[in-house]
Amino acid sequence: MAATNRSSPLVAGLAARLSELIRPGQRLLLAYSGGLDSCVLLHLLANLRGELGFDLHALHVHHGLSPNADDWARFCEEACAALDVPLRVAHVRVAADKGNGVEAAARRARYQALSETEADFIVLAHHQDDQAETLLLQLLRGAGVKGLAAMAVLDRERRLLRPLLDYSRSELQQYAVACNLDWIEDESNQDLRYDRNYLRHELLPLIETRFTGAKKVLARTAGHMAESAMLLDELAQIDAACSALSIRELRQRLPLGCLRRISQARARNLLRWWLSLQRLEMPSAARLADMLTQLLSAREDAVISIKLANEAHIKRYRDSVYVDSHGDNQPFSLLWSGQPVLALPDGSRLHFEKSLGAGIACERLNVDKLRVVSREGGERFKPHPQRPTRTLKHLLQEGQRLPLVYLDDELAAVPGIGVAAGLHAEPQEMGLVVTWCRG
């Protein structure tokens, strides 16, 4: 193991940052490419795990895009073995370019592989230069405040941890040289056809000849944008409060009344925030404005279906807005075996959580007979004992594809709608709450 350079501010700084954010015994998963940044972070984490008491693993995503990809995977295996860090190599297939570029497709595949791996935190080696480059890229693409916002040190919802954001690439390289670290160079990082590479090798060096320290200033500006984005999200939640729906319920639908009662600017902000709850790729400002016009101005009986990225559609039904995420439309039937999260074939997930007085009564559950199936049409459901049994068509938007939870042959729960009458947990009874998370 290469010796740790204890005189480097990286060591003390990273130790202090991690001690604030993680607890002993937690599992950290490093996204390990074998490049300079992730090699430095691997070395730092491997040397700090004993002091801070965390469990360290690494994941290398093999995209297969470079003729050197197999050599890179072998390098990563050898580097992790030398530091006694368990490594998994995940082979992914990058979808063909559909307009967003191979970079975006590879990034989506990488994050998907990382998100499917068990860990308390997924650790990324993004640094200050990455922050500055991202701000410039988004600015030149005409992004709004949220697009200009900084990458967060900690993203709890996605379990992402970026402990090197306060350090520049040059600081990381100085550490690597001082510790005699080896790393690989991805030849695509020199290809100026890619926007980020052009910024990194041509534009930013030119800017810094005139404006010294520009990257640090740009990174700080991204932080200011993050604060503004947070305030806009808080405003959106205030505007959504008129619906009296919980965040879980808002993920299922957004009442149009919330959009109608506020100004156009606030309505666009609310719609943008609601789309972010669905983890959908954000449309342009012009596209978002057009969506809002269609949703609010079309006649009441009009069929509204607006296509977004990744085959998702925005639909209006019964004075609410929904997302119909097609993904894999093949029918499915899965047996639930008690796990807290069940991944579905279309890329969405069901979350199972026990709660007092809510969900399906646990004492009436038989895990061996709890099934999750795709909606096919014609299903009937009775969530309220004092109301008649109705078809799901009357309770949902037309054509919405969502998972249904069956107990034996009885439709027990429809996420976002409710639990079948007779199966609901009583106020002092433990129940199983099922929540659907798209994408």
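This is a predicted model: local features need pLDDT of at least 70, side-chain atom pairs count only at pLDDT 80 or more; totals for chains, interfaces and linings use all residues.

I started with Ala-244, which is exposed at 70% relative accessibility (buried means under 20% relative accessible area, exposed over 50%, partly exposed in between, with a 1.4 Å probe and protein chains only). Ala-244 sits in the loop between α9 and α10 (247–252). Helices here are DSSP runs of H or I with at least four residues, strands are runs of E with at least two, and both are numbered from the N terminus. The phi of Ala-244 is positive, about 60°, although Ala-244 is not a glycine. Most residues other than glycine have a negative phi.

I then looked up Arg-159, another residue other than glycine with a positive phi, near 65°. Arg-159 is in the loop between β5 (154–155) and β6 (160–161). At 23% relative accessibility, Arg-159 is partly exposed.

**What I am looking at**

Residues are numbered from 1 along each chain as its sequence is written, and side-chain values use heavy atoms, with hydrogens and water left out.

The protein has 14 helices and 21 strands. It has 439 residues, of which 45% count as buried. The protein exposes about 22500 Å², and carbon and sulfur atoms supply 50% of that; the areas come from the Shrake-Rupley method with a 1.4 Å probe, and for residues only the protein chains shown count as cover. I also checked contacts (heavy atoms within 4.5 Å). Among those between residues at least 6 apart in sequence, 69% join residues at least 24 apart.

**Helix α5 and its partners**

I went to α5 (residues 128–140) and α9 (residues 214–240), whose axes come within 8 Å and cross at roughly 70°. That makes α5 roughly perpendicular to α9. My cut-offs: angles under 35 degrees are roughly parallel, over 145 roughly antiparallel, 65 to 115 roughly perpendicular, and the rest oblique. The axes are lines fitted to C-alpha atoms, for helices over the stretch in contact, with angles from 0 to 180 degrees between N-to-C directions. The crossing of α5 past α9 is left-handed, meaning that the near helix is turned anticlockwise from the far one by less than a right angle, with clockwise counting as right-handed. On the α5 side I listed residues including Ala-132, Leu-135 and Leu-136, and on the α9 side residues including Leu-218, Ala-219 and Ala-222.

Next came α8 (residues 195–210), which packs with α5 at an angle of about 100°, the axes 10 Å apart. That too is roughly perpendicular, α5 to α8. Among the residues in this contact are Leu-136, Leu-137 and Leu-140 of α5 and Leu-199, Leu-204 and Ile-207 of α8. I noticed that Leu-136 is listed in the α9 contact and also in the α8 contact.

**Cysteines**

How many disulfides does the structure hold? I found zero, where a disulfide is a pair of cysteine sulfur atoms within 2.5 Å. For Cys-39, the closest cysteine sulfur is in Cys-76, 6.7 Å away, so that is too far for a bond. Cys-39 is buried at 5% relative accessibility. I also checked Cys-179, which is buried with a relative accessible area of 4%.

**Distant in sequence**

Which residues does Gly-35 contact, leaving aside neighbours within four places in sequence? I found Trp-183 and Ile-184. Gly-35 lies in the loop between β1 (27–31) and α2 (36–52) and is buried, at 14% relative accessible area.

Lys-146 is in α6 (residues 145–148) and is partly exposed at 32% relative accessibility. Not counting residues up to four places away in sequence, Lys-146 touches Ala-229 and Asp-233. Lys-146 and Arg-272 are 126 residues apart in sequence, and their C-alpha atoms are 9.3 Å apart.

Ser-337 is exposed, with a relative accessible area of 59%. The C-alpha atoms of Ser-337 and Leu-370 are separated by 8.1 Å, and the two residues are 33 apart along the chain.
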